[in-house]
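The tour starts with the whole chain and then stops at single residues.

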Amino acid sequence: MVRTSSGIVAGLTATALAVIGFLTYQASASAPSDLSAPRATESLPATATASKAPRDRKHPTALPAGSGTSRRVVYSLDDDRVWLVEQDDRVRRTFRVSPGTVDPPPGRYVVTSRSGTIVGSDGVAVEHVVRFASLNGITIGFSAAADGSATPPDPTKKLGGIRESKESGTATWDFATIGTRVVVIK
């Protein structure tokens, strides 16, 4: 009886190790080769980047036309506004943001890293950090001040933090997991 139990345990252990090895291989095969450098995945068509995306004058918070399709985060540089958009193009939430001093170029990106809480490059404790771009060594992403403050960024510093309210930061954190598309428009 003892030999049978040890044989079963050994067999289960070998099977578990094989499954873990397979899952590790799958994860490494689909992951980007360099997770430390957020980057654009592709450019928007020239017509979308050359001019401001059309807005609905009667409904200024409506999702801009030409902002992509399917599940994504849309960030408007001109409107300082974010839309969290579901697979069926239904807007889950839209809200205003306070941009840093360094804007990402219009284009399509993906969320490449996240942090629950850190100290931002401006020295402010932030939470729900969702990074998606980098420009000249400046990392760009969404975050909320941990204390809920809304201090404007120091214009003399190069800062890529796009600040949200605590409530909007939580919504972005819940929505924008690693690999989620981020579309930046003018």
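Two notes on reading the model. It is a predicted model, in which local features need pLDDT of at least 70 and side-chain atom pairs count only at pLDDT 80 or more, while totals for chains, interfaces and linings use all residues. Residues are numbered from 1 along each chain as its sequence is written, and side-chain values use heavy atoms, with hydrogens and water left out.

Switch to a cartoon view. The protein chain has 3 helices and 10 strands (DSSP runs, numbered from the N terminus: H or I of at least four residues for helices, E of at least two for strands). Trace the elements from the N terminus: α-β-α-β-β-β-β-β-β-β-β-α-β.

Now show the surface. The accessible area of the protein chain is about 10600 Å², and 57% of that belongs to carbon and sulfur atoms (Shrake-Rupley method, 1.4 Å probe; for residues, only the protein chains shown count as cover). Of its 186 residues, 35% count as buried. Buried means under 20% relative accessible area, exposed over 50%, and partly exposed in between (1.4 Å probe, protein chains only).

Next, select Asp89, in the loop between strand 3 (81–85) and strand 4 (91–96). Its phi is positive, about 70 degrees, although Asp89 is not a glycine. Asp89 is partly exposed, at a relative accessible area of 34%.

Last, select His128 in strand 7 (residues 125–135). Is His128 buried or exposed? His128 is buried, with a relative accessible area of 16%. Phi of His128 is also positive, near 55 degrees, in a residue other than glycine.
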